[in-house]
Amino acid sequence: GEKPGDRNRYSSTNTAVLTRLVEDVERLPWAAVFEKRVWSKLGARFSADFMLAPDGTAAAFGMLSTTLE
């Protein structure tokens with residue numbers, strides 16, 4: 001069998017679960033938490049926008065639109 005580190009297997013499931021956990025703890029949507037805790041600290045002139053699933057859940061596994069200027 002494979003040993004840890006033998007092969008990279010990306011799974012967005014981990015990111016989705018973590019995103020939901022953060023939303024539950026913070027009682028805010030993922031985009032608001034990301035803006036407050038990360039994006040606002042970078043000094044960007046424009047907001048970061050996350051794509052949303054049809055149910056309104058943030059697709060926080062890379063579906064990010066930004067202009068870092």
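Mentor: Before we start, helices (H or I, at least four residues) and strands (E, at least two) are DSSP runs, numbered from the N terminus. This is a predicted model, in which local features need pLDDT of at least 70 and side-chain atom pairs count only at pLDDT 80 or more, while totals for chains, interfaces and linings use all residues. Residues are numbered from 1 along each chain as its sequence is written, and side-chain values use heavy atoms, with hydrogens and water left out.

Trainee: Where is E2, then?

Mentor: E2 sits in the segment before helix 1.

Trainee: And which residues is E2 in contact with?

Mentor: Setting aside neighbours within four places in sequence, E2 contacts R7 and R9, where contact means heavy atoms within 4.5 Å.

Trainee: Switching to T19, is that one buried or exposed?

Mentor: T19, which belongs to helix 1, counts as buried because its relative accessibility is 5%, given that buried means under 20% relative accessible area, exposed over 50%, and partly exposed in between (1.4 Å probe, protein chains only).

Trainee: What about Y10, where is that?

Mentor: Y10 is in the segment before helix 1 (12-26).

Trainee: Why is Y10 called exposed?

Mentor: Y10 is classed as exposed because its relative accessible area is 60%.
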